[in-house]
Amino acid sequence: MILVTGATGRVGFRLLEQLADAQASATAMVRVEAKAEDLPTGVGHVVATLDAPPPAEVLQTFERVFLLSPVHEGQAELEVSFVDALVAAGHGPHVVKVAVDGFQEPDCEVRFMRNHRLIAAHLDATGLPVTYLAPNSFMENLLSSADTIRNQGTIFAPAGDGRIGFVAAGDVAAVAARALTGIGEQDGIHVLTGPEALSYTDVADRISAVFARQVGYEDVPPDRARETMLADGLPAWQADGVIELFEWIRNGGCDTVTDEVRQTTGEDARPIEDWLSEMRGVFLGPGDVSPPRF
Ligand SMILES: NC(=O)c1ccc[n+]([C@@H]2O[C@H](COP(=O)([O-])OP(=O)(O)OC[C@H]3O[C@@H](n4cnc5c(N)ncnc54)[C@H](OP(=O)(O)O)[C@@H]3O)[C@@H](O)[C@H]2O)c1
């Protein structure tokens, strides 16, 4: 039996769909009972959180665990407490952990990557078998630009000419499904990317082509981007992390492209045009999906 944490999120939900399609036995961990209503058909659930995990006798029923938590200041503590609960249960499950590309690079001081590095150090010390999935930025991050694309024909970001190997969350889920069902690579670090590294100018060009409307990119000074994020209500810790991330991007930290999605799943990683076409309704629909970020 597989336990899926982060089950209602962008990766976790798609993972549950893929496990259900593969007829693998999976249980979703949800924070409140009501969240279970929207899970894919046939998926079981347990109500718990990473910092208030299921009891040991329940954890012992899962030989494989998909470990994912949201980005926030307490992320390392959250995952570490859950890992401790797994160790205390004593049955030694295989953990498939979602980290982020860059966490494995000791000189990467972006706080989001550093948090995953702290979790990984703790996890490695437990001796549990671990598969690390280290995705590049998700294509889904572009959804936060949907309103400015629609209303101003512009993507705003402090990214300079930095390029990003954007990967679809569904591809991350597909690799996770293989790792959790014993098909494909079982350990080590897997850097997951889309098929190419794109600057925001490239992204704007692709959006223009797919939606047949002119979209441009405006490089925003980091200070202005930070002010806008704070005004939008993002916590300072997170806004500062986004600024660090974009500095990493400007310096080429996210321009990696790998073949891991195809190697693991046998399918090519999803091109951005394909993903944009699926999201047409969100980008071109009535609007107010999300506030402009910068
Ligand atoms: N965004 C990117 O570009 C990117 C790139 C590479 C790696 N990553 C990594 O991917 C992860 C985020 O993945 P995602 O985008 O799929 O996340 P997401 O959509 O934000 O979903 C987060 C999930 O975690 C659950 N959750 C929140 N607090 C929890 C708690 N205390 N205990 C248990 N579960 C909790 C949420 O449940 P509720 O529905 O109840 O809130 C939700 O299911 C992060 O670790 C990030 O570093 C992201």
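Entry 1: I started at Gly6, where a backbone N or O atom lies 3.4 Å from an oxygen atom of the ligand. I kept in mind that this is a predicted model. Next I looked up Arg31, and found one of its polar side-chain atoms 2.7 Å from a ligand oxygen atom. Then I turned to a nitrogen atom of the ligand: a polar backbone atom of Leu50 is 3.0 Å from it.

**Entry 2: cover and shell.** How much of the ligand's accessible area does the protein cover? On its own the ligand has 930 Å² of accessible area, and I noted that the protein covers 84% of that. I then asked which elements give two or more residues to the shell around the ligand. They are helix 1, residues 10-21, and helix 3, residues 75-89.

I listed the neighbours too. There are 26 residues around the ligand, and those that come nearest are Thr8, Arg31, Ser69, His116 and Asn141. Sorted by class, the shell holds twelve nonpolar residues, ten polar ones and four charged ones.

**Entry 3: helix 1 and helix 6.** From the shell I followed helix 1 to its packing with helix 6, residues 169-180. Their axes come within 8 Å and cross at roughly 50 degrees. Because of that angle, helix 1 is oblique to helix 6. I wrote down the hand of this crossing as right-handed.

**Entry 4: helix 3 and helix 4.** I did likewise for helix 3, which packs with helix 4, residues 111-126, at an angle of about 15 degrees. The axes of helix 3 and helix 4 are 9 Å apart. An angle under 35 degrees counts as roughly parallel, so I put helix 3 and helix 4 down as roughly parallel to each other. Helix 3 passes helix 4 in a right-handed crossing.

**Entry 5: helix 8 and helix 9.** Last, I looked at helix 8, residues 222-231, and helix 9, residues 236-250. They pack at about 150 degrees with axes 9 Å apart, which means that helix 8 is roughly antiparallel to helix 9. Their crossing is right-handed.

Conventions:
Residues are numbered from 1 along each chain as its sequence is written. This is a predicted model: local features need pLDDT of at least 70, side-chain atom pairs count only at pLDDT 80 or more; totals for chains, interfaces and linings use all residues. Side-chain values use heavy atoms; hydrogens and water are left out. A residue is near a molecule or strand if one of its heavy atoms lies within 4 Å of it. A polar contact is a pair of N or O atoms within 3.5 Å; within protein, one must be able to donate a hydrogen and the other to accept it, and residues adjacent in sequence count only if both atoms are side-chain atoms. Accessible areas come from the Shrake-Rupley method with a 1.4 Å probe; for residues, only the protein chains shown count as cover. Helices (H or I, at least four residues) and strands (E, at least two) are DSSP runs, numbered from the N terminus. Ala, Val, Leu, Ile, Met, Phe, Trp, Tyr, Cys and Pro count as nonpolar, Asp, Glu, Lys and Arg as charged, and the others, Gly among them, as polar. Axes are lines fitted to C-alpha atoms, for helices over the stretch in contact, and angles run from 0 to 180 degrees between N-to-C directions. Angles under 35 degrees count as roughly parallel, over 145 as roughly antiparallel, 65 to 115 as roughly perpendicular and the rest as oblique. A crossing is left-handed if the near helix is turned anticlockwise from the far one by less than a right angle, and right-handed if clockwise.
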